[in-house]
Amino acid sequence: MSYVKAFKQKFEKEEEIFECDKTEFLLPNHIMLLNFNYTKTAELYVSPESGFTINYIHGNLNKPESVIFGYGDELDENYKNLENLRECDGLRNIKSIKYLEADNYRKVLAFIESEPYQILIMGHSCGNSDRTLLNTLFEHKNCVSIKPYFYKINQQETNYLELAQNISRNFTDMKLMRDRVVNKVYCEPLT
């Protein structure tokens, strides 16, 4: 019913309804820009009226107490060694522990639980320092695809393959990885 209502609001004549491109109505209800950068760079690309939510997952330089440095790879075989240490210092700079000091991670979890989503990767290497978070995002049941934007090194070369390899390291299920990562022919270079 709301689908038809949206059409009627957009068009004055009913016959125009059937001539329009219906894909424009398949936009997500909510967009979260998960910013791994500590600066306001993301705000240069997103206007306040765009409806985007910017989540500074690792904090913001304007609030130095919010900044999270450290490592985030609980899938690494050496992580168990850190957990088994009797001292708390071994886990002090693990991102999963630092995420508990703010609600940015909780907001990401609420977002991915809310509805199906697509991940667009721009400027993130997808390396192991964020492996636990990326695994949570990539393997979640609501993730429908992962589309990396790559860099053109020159006219023939790109970093798409390197990026795809890094993305694959964040998966524990390789079949799922092949199903979700968008093929290079459907991806675009960052300009």
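Ser-168 lies in helix H8. The model is predicted. The largest nonpolar core has 29 residues, and helix H8 is among the elements that give two or more residues to this core.

- Ser-168 is buried, because its relative accessible area of 18% falls under the 20% cut-off.
- Its side chain reaches the backbone oxygen of Gln-165 at 2.6 Å.
- Beyond four places in sequence, Ser-168 touches Met-174 and Met-177.
- Helix H8 spans residues 160–169. Its buried residues are Tyr-160, Leu-163, Ala-164, Asn-166, Ile-167 and Ser-168.

**The largest nonpolar core**

- Which residues have the most contacts inside the core? They are Ile-119, Leu-137, Phe-138, Ile-146 and Ile-167.
- Helix H6 (104–114), S3, H7, S4, H8 and H9 each give two or more residues to this core.
- In soluble globular proteins, nonpolar side chains tend to be buried together.
- Ile-119 touches Leu-137, Phe-138, Cys-143, Ser-145, Ile-146 and Lys-147, with residues up to four places away in sequence left out.

- Tyr-105, Val-108, Phe-111 and Ile-112 are the buried residues of H6.
- They lie on the same side of H6, because their arc around the axis is only 120°.
- An α-helix has 3.6 residues a turn, so residues three or four places apart point the same way.
- On the other side of H6, Arg-106, Ala-110 and Ser-114 are exposed.
- The buried residues of H6 pack against strand S1 (31–35), strand S2 (52–56), S3 and H7.

**Aromatic pairs and a charge over a ring**

- The count comes to five aromatic pairs.
- Tyr-38 and Phe-69 form a tilted pair, because their ring centres are 5.3 Å apart and their planes stand at 55°.
- Tyr-38 sits in the loop between S1 and helix H3 (41–45), and Phe-69 in the loop between S2 and helix H4 (79–84), so this pair ties together parts that are 31 residues apart in sequence.
- Is Phe-69 buried or exposed? Phe-69 counts as exposed, because its relative accessibility is 56%.
- Phe-138 and Phe-171 form a stacked pair, with 5.6 Å centre to centre and 25° between the planes.
- Phe-138 lies in helix H7 and Phe-171 in the loop between H8 and H9, so this pair ties together parts that are 33 residues apart in sequence.
- Both Phe-138 and Phe-171 are buried.
- Lys-184 lies over the face of Phe-150, at 5.6 Å from the ring centre.

**Lys-147 in strand S4**

- Lys-147 lies in strand S4.
- Lys-147 is buried, because its relative accessible area of 15% is under 20%.
- Which residues does Lys-147 contact, leaving aside neighbours within four places in sequence? They are Gln-118, Ile-119, Leu-120, Ile-121, Val-182, Tyr-186, Cys-187 and Glu-188.
- Lys-147 and Arg-180 are 33 residues apart along the chain, with their C-alpha atoms separated by 8.4 Å.

Note on methods. Residues numbered from 1 in each chain as written. Predicted model: local features only at pLDDT ≥ 70, side-chain atom pairs only at ≥ 80, totals over all residues. Heavy atoms only, no water. Buried < 20%, exposed > 50% of the residue type's maximum accessible area, 1.4 Å probe, protein only. Helix = DSSP H or I, 4+ residues; strand = E, 2+ residues; numbered from the N terminus. Core = buried A, V, L, I, M, F, W, Y, C linked by side-chain atoms within 4.5 Å. Contact = heavy atoms within 4.5 Å. Polar contact = N/O pair within 3.5 Å; in protein donor to acceptor, adjacent residues only side chain to side chain. Arc of directions from axis to C-beta. Phe/Tyr/Trp six-rings, centres within 6.5 Å; stacked < 30°, edge-to-face > 60°. Lys NZ or Arg CZ within 6 Å of the ring centre and 35° of its normal.
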